[in-house]
Amino acid sequence: MGSCASTPPLLSDRGVLRIIGMTSDASSSQTKAVAAMLMTAEAVSWDGDPVKTGSFTAGAAYFVAAHCNTASAVLPATTPGSDGTYTQSGDLAIGCVPKAKAVSQAGFDEAGLLLDARLGAKWAETFGDSAQYVKLAAANLAATPGIRRVAWQLDEDRAPEEYADWVSLAEYKAFAGYAGSPPYVVLGARGVPLSQSELERQPWYAMTPEQLGWA
(Lines give C-alpha, C1' and ligand atoms only; values in the text may rest on other atoms or scores of the structure.)
Protein backbone atom coordinates (compact mmCIF):
# COMPACT_ATOMS: atom_id res chain seq x y z
CA MET A 1 0.00 0.00 0.00
CA GLY A 2 1.17 3.51 -0.71
CA SER A 3 2.00 5.89 2.08
CA CYS A 4 -1.26 7.17 3.53
CA ALA A 5 -1.75 10.86 4.00
CA SER A 6 -3.72 12.23 6.92
CA THR A 7 -7.47 11.71 6.76
CA PRO A 8 -9.16 14.43 4.66
CA PRO A 9 -12.07 16.43 6.03
CA LEU A 10 -15.59 15.01 6.03
CA LEU A 11 -17.08 17.12 3.27
CA SER A 12 -16.23 16.23 -0.30
CA ASP A 13 -14.90 18.65 -2.87
CA ARG A 14 -17.05 19.42 -5.86
CA GLY A 15 -16.75 16.52 -8.26
CA VAL A 16 -17.54 12.84 -7.96
CA LEU A 17 -17.84 11.07 -4.62
CA ARG A 18 -17.22 7.32 -4.82
CA ILE A 19 -18.89 5.27 -2.09
CA ILE A 20 -17.93 1.76 -0.93
CA GLY A 21 -18.60 -0.45 2.06
CA MET A 22 -20.88 -3.12 3.45
CA THR A 23 -24.02 -4.19 1.62
CA SER A 24 -25.95 -4.62 4.88
CA ASP A 25 -25.77 -3.29 8.44
CA ALA A 26 -24.28 0.11 7.62
CA SER A 27 -25.03 2.35 10.59
CA SER A 28 -27.48 5.23 10.39
CA SER A 29 -24.60 7.54 11.30
CA GLN A 30 -22.59 6.32 8.31
CA THR A 31 -25.61 6.80 6.07
CA LYS A 32 -26.06 10.38 7.32
CA ALA A 33 -22.35 11.12 6.88
CA VAL A 34 -22.42 10.04 3.23
CA ALA A 35 -25.55 12.10 2.62
CA ALA A 36 -23.73 15.12 4.08
CA MET A 37 -20.70 14.53 1.85
CA LEU A 38 -22.95 14.40 -1.19
CA MET A 39 -24.33 17.84 -0.39
CA THR A 40 -21.15 19.29 -1.89
CA ALA A 41 -20.62 16.72 -4.66
CA GLU A 42 -21.66 16.95 -8.28
CA ALA A 43 -22.02 13.20 -8.81
CA VAL A 44 -21.97 9.87 -6.98
CA SER A 45 -20.30 6.69 -8.22
CA TRP A 46 -20.53 3.19 -6.85
CA ASP A 47 -20.32 -0.47 -7.84
CA GLY A 48 -23.34 -2.64 -8.45
CA ASP A 49 -25.40 -2.66 -5.27
CA PRO A 50 -29.01 -1.40 -5.28
CA VAL A 51 -29.81 1.78 -3.36
CA LYS A 52 -31.31 0.11 -0.31
CA THR A 53 -31.71 0.42 3.43
CA GLY A 54 -28.67 -0.77 5.36
CA SER A 55 -26.33 -0.75 2.37
CA PHE A 56 -23.39 1.57 1.83
CA THR A 57 -25.58 3.02 -0.93
CA ALA A 58 -28.33 4.21 1.46
CA GLY A 59 -26.58 7.52 2.05
CA ALA A 60 -26.90 8.31 -1.65
CA ALA A 61 -30.70 7.94 -1.69
CA TYR A 62 -31.57 11.63 -1.30
CA PHE A 63 -28.94 12.68 -3.84
CA VAL A 64 -30.12 10.07 -6.35
CA ALA A 65 -33.75 11.12 -5.92
CA ALA A 66 -32.81 14.78 -6.34
CA HIS A 67 -30.97 13.91 -9.57
CA CYS A 68 -33.53 11.38 -10.74
CA ASN A 69 -32.19 9.46 -13.73
CA THR A 70 -29.59 12.12 -14.41
CA ALA A 71 -26.87 10.11 -16.11
CA SER A 72 -24.18 12.70 -15.49
CA ALA A 73 -24.78 12.76 -11.71
CA VAL A 74 -25.71 9.18 -10.80
CA LEU A 75 -22.99 6.76 -11.90
CA PRO A 76 -23.49 3.12 -10.86
CA ALA A 77 -21.19 0.61 -12.56
CA THR A 78 -21.30 -3.13 -13.08
CA THR A 79 -19.21 -5.95 -14.51
CA PRO A 80 -18.79 -6.59 -18.25
CA GLY A 81 -21.79 -8.36 -19.76
CA SER A 82 -24.21 -7.44 -16.95
CA ASP A 83 -27.41 -5.67 -18.00
CA GLY A 84 -27.25 -3.25 -15.05
CA THR A 85 -30.83 -3.71 -13.89
CA TYR A 86 -29.94 -5.25 -10.50
CA THR A 87 -28.82 -1.82 -9.31
CA GLN A 88 -32.42 -0.60 -9.78
CA SER A 89 -33.95 -3.16 -7.40
CA GLY A 90 -33.50 -1.35 -4.07
CA ASP A 91 -36.14 0.06 -1.73
CA LEU A 92 -34.79 3.64 -1.83
CA ALA A 93 -34.89 6.27 -4.61
CA ILE A 94 -37.29 3.97 -6.47
CA GLY A 95 -37.57 4.85 -10.14
CA CYS A 96 -34.60 7.22 -10.01
CA VAL A 97 -31.64 4.84 -10.26
CA PRO A 98 -30.38 4.39 -13.83
CA LYS A 99 -29.16 1.04 -15.06
CA ALA A 100 -25.59 0.44 -14.00
CA LYS A 101 -23.11 0.92 -16.83
CA ALA A 102 -20.88 -2.06 -17.52
CA VAL A 103 -17.17 -1.32 -17.48
CA SER A 104 -15.31 -2.38 -20.61
CA GLN A 105 -13.77 -5.82 -20.83
CA ALA A 106 -10.42 -4.22 -21.61
CA GLY A 107 -10.65 -2.02 -18.51
CA PHE A 108 -11.69 -5.02 -16.44
CA ASP A 109 -8.71 -7.05 -17.66
CA GLU A 110 -6.30 -4.16 -17.08
CA ALA A 111 -7.67 -3.79 -13.56
CA GLY A 112 -6.83 -7.42 -12.89
CA LEU A 113 -3.22 -6.88 -13.94
CA LEU A 114 -2.90 -3.84 -11.68
CA LEU A 115 -4.35 -5.77 -8.76
CA ASP A 116 -1.96 -8.65 -9.38
CA ALA A 117 0.93 -6.20 -9.12
CA ARG A 118 -0.31 -4.47 -5.97
CA LEU A 119 -2.05 -7.23 -4.03
CA GLY A 120 -0.09 -10.34 -5.01
CA ALA A 121 -0.33 -13.26 -7.38
CA LYS A 122 -2.84 -15.24 -5.27
CA TRP A 123 -5.39 -12.54 -4.44
CA ALA A 124 -7.91 -13.60 -7.11
CA GLU A 125 -7.69 -17.24 -6.07
CA THR A 126 -8.29 -16.23 -2.45
CA PHE A 127 -11.36 -14.15 -3.36
CA GLY A 128 -12.86 -16.76 -5.68
CA ASP A 129 -16.08 -15.53 -7.31
CA SER A 130 -15.83 -12.23 -5.41
CA ALA A 131 -12.65 -11.35 -7.33
CA GLN A 132 -14.87 -9.88 -10.05
CA TYR A 133 -16.06 -7.21 -7.61
CA VAL A 134 -12.51 -6.16 -6.75
CA LYS A 135 -11.74 -5.92 -10.46
CA LEU A 136 -14.93 -3.90 -10.94
CA ALA A 137 -13.82 -1.48 -8.23
CA ALA A 138 -10.43 -0.98 -9.85
CA ALA A 139 -11.88 -0.67 -13.34
CA ASN A 140 -14.54 1.81 -12.21
CA LEU A 141 -11.96 3.96 -10.44
CA ALA A 142 -9.96 4.14 -13.67
CA ALA A 143 -12.99 4.76 -15.89
CA THR A 144 -14.68 7.49 -13.82
CA PRO A 145 -13.12 10.93 -14.22
CA GLY A 146 -13.35 13.53 -11.51
CA ILE A 147 -13.44 11.34 -8.39
CA ARG A 148 -12.44 13.65 -5.53
CA ARG A 149 -13.00 11.35 -2.55
CA VAL A 150 -13.78 7.72 -1.80
CA ALA A 151 -15.99 7.26 1.27
CA TRP A 152 -15.52 3.82 2.83
CA GLN A 153 -18.20 2.94 5.36
CA LEU A 154 -16.13 0.62 7.51
CA ASP A 155 -17.48 -2.60 9.01
CA GLU A 156 -15.76 -2.28 12.38
CA ASP A 157 -17.12 -5.65 13.52
CA ARG A 158 -15.70 -7.72 10.68
CA ALA A 159 -13.87 -10.75 12.03
CA PRO A 160 -10.15 -11.17 11.21
CA GLU A 161 -10.82 -14.50 9.52
CA GLU A 162 -12.96 -12.57 7.01
CA TYR A 163 -10.29 -10.05 6.03
CA ALA A 164 -8.87 -12.19 3.21
CA ASP A 165 -11.97 -11.82 1.00
CA TRP A 166 -12.98 -8.29 2.03
CA VAL A 167 -13.64 -6.43 -1.21
CA SER A 168 -13.47 -2.93 0.31
CA LEU A 169 -10.19 -3.74 2.07
CA ALA A 170 -8.68 -5.00 -1.17
CA GLU A 171 -9.62 -1.74 -2.89
CA TYR A 172 -8.17 0.26 0.00
CA LYS A 173 -4.93 -1.70 -0.01
CA ALA A 174 -4.63 -1.40 -3.80
CA PHE A 175 -5.32 2.34 -4.08
CA ALA A 176 -5.23 4.35 -0.84
CA GLY A 177 -2.12 6.49 -0.69
CA TYR A 178 -0.94 5.72 -4.21
CA ALA A 179 -0.03 8.58 -6.54
CA GLY A 180 -3.00 9.42 -8.74
CA SER A 181 -5.56 7.87 -6.41
CA PRO A 182 -8.24 9.96 -4.72
CA PRO A 183 -8.05 10.25 -0.93
CA TYR A 184 -10.02 7.69 1.08
CA VAL A 185 -12.27 8.83 3.93
CA VAL A 186 -12.82 5.87 6.27
CA LEU A 187 -16.07 6.36 8.18
CA GLY A 188 -16.38 4.47 11.45
CA ALA A 189 -19.69 3.27 12.86
CA ARG A 190 -20.29 6.71 14.42
CA GLY A 191 -20.11 8.29 10.98
CA VAL A 192 -16.92 10.17 11.82
CA PRO A 193 -13.78 9.84 9.67
CA LEU A 194 -11.04 7.87 11.38
CA SER A 195 -7.87 9.85 12.01
CA GLN A 196 -4.52 8.50 10.89
CA SER A 197 -3.76 7.24 14.39
CA GLU A 198 -7.16 5.56 14.57
CA LEU A 199 -6.57 3.92 11.20
CA GLU A 200 -3.22 2.61 12.36
CA ARG A 201 -4.90 0.95 15.34
CA GLN A 202 -7.18 -1.06 13.06
CA PRO A 203 -5.95 -4.67 13.04
CA TRP A 204 -6.12 -4.88 9.23
CA TYR A 205 -4.26 -1.64 8.53
CA ALA A 206 -0.68 -2.90 8.62
CA MET A 207 -1.40 -6.40 7.34
CA THR A 208 0.65 -7.31 4.28
CA PRO A 209 -0.63 -9.17 1.20
CA GLU A 210 1.29 -12.18 2.46
CA GLN A 211 -0.49 -12.05 5.83
CA LEU A 212 -3.83 -11.73 4.05
CA GLY A 213 -3.11 -14.76 1.85
CA TRP A 214 -2.96 -12.70 -1.34
CA ALA A 215 0.72 -13.19 -2.13
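The structure is a predicted model, in which local features need pLDDT of at least 70, side-chain atom pairs count only at pLDDT 80 or more, and totals for chains, interfaces and linings use all residues. Residues are numbered from 1 along each chain as its sequence is written, and side-chain values use heavy atoms, with hydrogens and water left out.

**Strand β1**

- Buried means under 20% relative accessible area, exposed over 50%, and partly exposed in between (1.4 Å probe, protein chains only).
- Helices (H or I, at least four residues) and strands (E, at least two) are DSSP runs, numbered from the N terminus.
- Both faces of β1 are covered: Val-16, Arg-18 and Ile-20 are buried on one side, and Leu-17, Ile-19 and Gly-21 on the other.

**Neighbours of β1**

- Strand β2 (residues 43-47) runs parallel to β1 and is joined to it by 3 bridges; two strands pair if DSSP finds at least two bridges between them.
- Within this pairing, Ser-45 of β2 stands opposite Arg-18.
- From β1 the chain passes through helix α1 (residues 28-38) to β2, in a right-handed β-α-β crossover. Right-handed means that, with the strands pointing away from the viewer, the path from the first strand over the helix to the second runs clockwise.
- Strand β5 (residues 147-153) is also parallel to β1, with 6 bridges between them; Trp-152 in β5 is the bridge partner of Ile-20.

**Ser-168**

- Ser-168 lies in helix α6 (residues 167-175) and is buried, with a relative accessible area of 7%.
- Leaving aside residues up to four places away in sequence, Ser-168 touches Ile-20, Gly-21 and Trp-152; contact means heavy atoms within 4.5 Å.

**Helix α3**

- The 15 residues of α3 (residues 105-119) should span 21 Å at 1.5 Å a residue, and the end C-alpha atoms are 21 Å apart, which agrees. The expected span is 1.5 Å times one less than the number of residues.
- Phe-108, Ala-111, Gly-112, Leu-115 and Leu-119 are buried in α3. Seen down the helix axis, the buried residues fall within an arc of 105°, so they line one face of α3; the arc is that of the directions from the helix axis to the C-beta atoms.
- The face turned away from the buried side of α3 carries the exposed residues Glu-110, Leu-113 and Ala-117.
- The buried residues of α3 pack against α4 (123-127), α5 (131-143), α6 and α8 (209-212).
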